[in-house]
Amino acid sequence: MVEPADAPPPSPPLLPNPLLGPTEGRLRSLGASVIRRALSGHGARGAAPVSVLAAVASLLVGSVALGNTSARASTTNHHVAQIDRTPRDWFEHEAITDATPLDLPAASAPPAPAPPALAAAPPLQPHEIFAFAPWWTLAQQGVFDVKDMTTIAYFSVDVNADGTIAQSGSGWVGYQSQALAALVTRAHAASDRVVLTATCFGQHTLDQLTSDPGAPARLATSLTQLISAKNLDGVNFDFEGRGPHDQQGLDNLVGQVATQLRSSNPHWQISMSTYASSAGDPNGFYDIAGLNKVVDAFFVMAYDMDSPATPSATAPLTGPGNNDTVDLAEYRAVVPPSKIILGVPYYGYDWPTAGPQAGAPVTGPATPLSYAQIAAIHGPSYWDRGSQTPWTAYQVGSQWHQ
């Protein structure tokens with residue numbers, strides 16, 4: 001196999017596009033992220049890349065494509081030490097916020113429960129294929145291909161500072177909708193779990209939530225009711241903050257909630273979304289070793305590792321700074337590989353640049369593009385050996401892009 005060049009020659013040849021493959025047509029309709037569960041591989045820094053079982057797992061339809069994000073713009077980072085921009089900036093770019101209220105009919109009846117074999121199964125499948133269905137995609141849920149999934153996470157309902165659930169906004173409308181009920185029924189017919197994502201992204205709210213001694217009981221009671229009311233199969237926590245001061249409180253919060261949820265149903269799946277660098281960052285927001293004691297799995301948000309100031313890989317496999325190989329090795333040092341779900345983006349960024357050469361100066365801010373938009377670019381593909389990722393350079397009028 002001939003690799004594309006590291007940088008475009010003066011007249012670059014058209015090479016096979018590594019962005020496209022046998023699943024490209026399916027990905028154009030589905031959208032956002034490949035999500036993989038790390039089951040085997042090398043654990044040492046600098047060793048061969050960690051081997052994972054690959055699985056296409058996206059439910060996001062349309063031009064906005066996110067791996068794991070909130071329903072409103074936020075300043076919280078997925079990689080606090082490295083970047084100051086997250087996929088949430090896409091909401092500003094596409095004007096998808098709670099200022100655009102969701103308009104979906106309310107459900108007339110609960111969705112179908114999980115079939116007995118699924119309801120009695122362990123919380124994780126040996127090959128877990130985890131996908132997010134955000135509220136802004138529910139109108140298109142009828143075209144979601146659910147047959148190859150194992151877990152679908154509805155995204156999301158917001159958690160208040162006292163542990164109650166915010167019963168307003170588009171996420172709440174989506175939770176109550178007939179569209180979600182239909183998705184749950186279809187997913188259960190395909191033997192997929194459907195879990196509820198509970199989100200909290202405000203630092204002040206997180207500080208209060210993790211320090212309130214009454215919050216765990218309130219949150220556990222609320223989630224138990226919400227999961228049961230829609231015949232769901234567990235919860236995904238997506239709490240994103242900064243610094244280590246909430247670590248102990250977060251461990252206590254998630255631990256108490258998980259205990260109460262399992263007392264209601266020991267087969268419910270409990271997962272936690274975490275930053276890709278967290279297992280190697282003792283001064284970060286998450287205590288991975290502590291949370292490992294109480295959750296079934298970690299959804300590792302392995303994206304937006306690039307710098308917004310220069311064209312670079314969104315999720316590098318290798319290279320300086322954070323990359324998949326280093327981050328997975330750090331997780332494997334403290335978490336069983338069977339509990340690691342690697343979230344890999346099917347989106348990227350388009351930088352206007354001064355020229356086609358790798359490293360050319362940028363001339364403006366980056367614009368997020370979905371997989372489908374990137375796949376539609378008919379420029380040549382090149383291979384960055386440092387990050388082991390494909391990229392392209394193309395020209396619109398006199399303006400170069402990478």
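Let's start with D304, which is buried, with a relative accessible area of 0%. Buried here means under 20% relative accessible area, exposed means over 50%, and partly exposed is in between, using a 1.4 Å probe and protein chains only. D304 is found in the loop between strand 7 and helix 10. Helices (H or I, at least four residues) and strands (E, at least two) are DSSP runs, numbered from the N terminus. The phi of D304 is near 55°, a positive value in a residue other than glycine. Most residues other than glycine have a negative phi, and most peptide bonds are trans.

A word on what you're looking at: this is a predicted model, where local features need pLDDT of at least 70, side-chain atom pairs count only at pLDDT 80 or more, and totals for chains, interfaces and linings use all residues. Residues are numbered from 1 along each chain as its sequence is written, and side-chain values use heavy atoms, with hydrogens and water left out.

There is another positive phi to look at. N231, also not a glycine, has a phi of about 55°. N231 sits in the loop between helix 7 and strand 5, and it is partly exposed, with a relative accessible area of 24%. As for peptide bonds, the one from F155 to S156 is cis, with omega near 0°, and S156 belongs to strand 3.

Now let's step back. The protein chain has eleven helices and 15 strands, and 54% of its 402 residues are buried.

Which way do the residues of strand 4 point? R193, V195, T197 and T199 go one way, V194, L196, A198 and C200 go the other, and all are buried. In a regular strand the side chains alternate between the two faces of the sheet. Two strands pair if DSSP finds at least two bridges between them. Strand 4 (residues 193-200) pairs with strand 3 (residues 151-158) in the parallel sense over seven bridges, and V157 stands opposite A198. Strand 4 also runs parallel to strand 5 (residues 234-239), joined by five bridges, with N236 as the bridge partner of T197.

Contact means heavy atoms within 4.5 Å. Setting aside neighbours within four places in sequence, F237 is in contact with A198, L219, L223, V254, V257, I270, S271, M272 and S273. F237 is also among the residues with the most contacts inside the largest nonpolar core, together with L223, F239 and M272; that core has 81 residues. A nonpolar core is a set of buried Ala, Val, Leu, Ile, Met, Phe, Trp, Tyr and Cys residues joined through side-chain atoms within 4.5 Å.

On to helix 6 (residues 203-211), where L206, L209 and T210 are buried. Seen down the helix axis, these buried residues fall within an arc of 90°, so they line one face of helix 6; the arc is that of the directions from the helix axis to the C-beta atoms. The face turned away carries the exposed residues H204 and S211. Cover for the buried side includes strand 4, helix 7, strand 5 and helix 8.

Why is helix 10 largely enclosed by the rest of the structure? Because eight of its nine residues (324-332) are buried. Strand 6, helix 9, strand 7 and strand 8 are among the elements that cover them. At the N-terminal end, N323 caps helix 10, with a side-chain oxygen 3.1 Å from the backbone nitrogen of T325.

Terms used. A polar contact is a pair of N or O atoms within 3.5 Å; within protein, one must be able to donate a hydrogen and the other to accept it, and residues adjacent in sequence count only if both atoms are side-chain atoms.
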